Amino acid sequence: MTRESQRDSDNGSGERSEPRPIDWTDPDTFAQALERAETKEKGNFFEDFAEGDLIEHDPGLTLTEWGNQQWMSQTLNHDPAYWRTDAAAARGFEEPPIHPDYLTAATLGITVEDLSEKGGYFLGRTDVRFPGTPVYAGTELHVESEVVNCATSSSRPEYGIVSWRTRGKDAATGDVLCSYERTNMIPRREPVATDGSGSATAAEEDGDEPELPDEFISPEGGYYEDFVEALERAGDENAAVAYRHERGRTQDDVTVASLPLATLNTAKQHHNVDVMADSPSGDIVTYGDVTRSTALGHARSDERTWREVGFDDESFHTFVAVGDTVYAFTRVIEAEATASSDEAGTVTFEHIAFNQDDEPVYSGTRTAEIRTRPN
């Protein structure tokens with residue numbers, strides 16, 4: 001010890017002094033502390049998943065009337081059966097039920113912390129089904145996910161590909177209320193070696209570009225028979241039943257940050273502006289289920305929906321950020337007379353959400369029961 005340091009420690013009197021207290025809020029001191037502190041990371045890497053794993057997601061979520069109405073109002077889903085007791089009763093519900101879009105978003109939102117908070121590309125979701133009875137406010141939702149597949153990515157060595165089968169259950173009865181399979185790219189702890197040949201599952205691009213039909217036909221109304229008649233007209237010529245919806249919804253702080261947080265979706269992409277400043281979007285981005293539900297709300301406003309049956313082949317094509325506007329385009333694929341009620345028929349649609357630059361941002365196949373014309 002030097003003479004100077006000894007004097008500092010004992011004040012030159014031989015008595016040891018107390019060390020100067022650290023001011024942790026001093027900017028220079030705090031910057032040094034942050035540099036040296038370990039970050040307690042959230043979420044799981046690709047290596048943390050193994051086929052057959054069953055993950056119980058904690059916590060659950062109580063589905064509330066307020067949460068349901070907040071979701072529906074902000075995504076323009078105005079079906080009266082989910083708002084008014086008389087319209088609900090006419091549809092066979094005991095009371096206005098929880099909307100399937102809110103149920104789906106809440107089921108996925110609860111899983112984010114365990115499955116995809118690390119980030120990575122959302123590759124798709126399919127087999128979205130609602131196998132139980134109608135769901136009402138006050139239901140406590142518990143969610144579990146099973147790892148159904150883990151695969152490497154030859155095109156992106158820093159990621160792996162994981163698929164999960166997720167089930168949202170009624171905590172009181174154990175009944176499955178919503179289920180689906182989704183696939184994500186998930187970051188690896190350590191990248192793997194790759195020959196750079198690209199994904200083994202990438203589709204081969206060959207052949208001529210497909211030609212659009214000569215004519216686009218729009219149904220004259222929103223009843224089941226209107227869709228049947230439009231399909232029959234299209235079948236007689238080179239035509240498609242396809243149309244766009246007038247409404248659009250510009251994304252704001254409520255749709256981008258508030259709605260996903262209300263479903264316990266912890267993905268930083270939706271609420272951490274600091275982290276997202278260096279991302280391709282330059283800003284926080286909309287939860288995919290908000291984009292999807294908004295587009296579906298536009299579509300449903302032009303039809304007489306009776307019940308939602310399910311969704312398949314859902315993909316999200318590019319990000320939607322604050323200030324972007326979500327529009328919708330619909331193609332009618334087929335119609336069948338069978339349904340759960342004599343007052344409806346079943347129609348299969350392809351819905352495409354697009355932004356103000358006419359770029360597709362979401363696509364999926366939807367099957368719904370559509371009300372028949374009243375006698």
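Me: What makes strand 8 and strand 11 count as paired, in which sense, and over how many bridges?

Reply: Strand 8 and strand 11 (residues 360-371) are antiparallel partners, joined over eight bridges. Two strands pair if DSSP finds at least two bridges between them, so these two qualify. Strands here are DSSP runs of E with at least two residues, helices are runs of H or I with at least four, and both are numbered from the N terminus. This is a predicted model, in which local features need pLDDT of at least 70 and side-chain atom pairs pLDDT 80 or more, while totals for chains, interfaces and linings use all residues. Residues are numbered from 1 along each chain as its sequence is written, and side-chain values use heavy atoms, without hydrogens and water.

Me: Which residue of strand 11 is the bridge partner of R307?

Reply: Look for E369, which bridges to R307.

Me: Why is the largest cavity said to lie between the domains?

Reply: Domain 1 (43-193) and domain 2 (211-374) both contribute to its lining, so the cavity lies between them; the bounds come from an automatic or database domain assignment. A cavity is a set of points on a 1 Å grid over the protein atoms alone where a 1.4 Å probe fits but cannot get out, and lining residues have an atom within 4 Å of a point. D79, Y82, R91, H99, R300, T305, W306, R307 and E308 form the lining. Strand 8 gives the largest share, four residues.

Me: How many cavities of 30 Å³ or more does the structure hold?

Reply: There is one, and the largest cavity has a volume of about 30 Å³, taken as the space filled by probe spheres set on grid points joined across faces, edges and corners.

Me: Why is P360 called partly exposed?

Reply: P360, in strand 11, has 43% relative accessibility. Beyond four places in sequence, P360 is in contact (heavy atoms within 4.5 Å) with H317, T318, I352, A353 and F354.

Me: What makes D226 count as buried?

Reply: D226, in helix 6 (residues 224-235), has 7% relative accessibility, so D226 counts as buried. Its contacts beyond four places in sequence are P219, E220, G221 and R373.

Technical notes. On a 1 Å grid over the protein atoms alone, a cavity is a set of points where a 1.4 Å probe fits but cannot get out, and a pocket is an open set with protein on both sides within 12 Å along at least five of seven lines; lining residues have an atom within 4 Å of a point. Buried means under 20% relative accessible area, exposed over 50%, partly exposed in between (1.4 Å probe, protein chains only).
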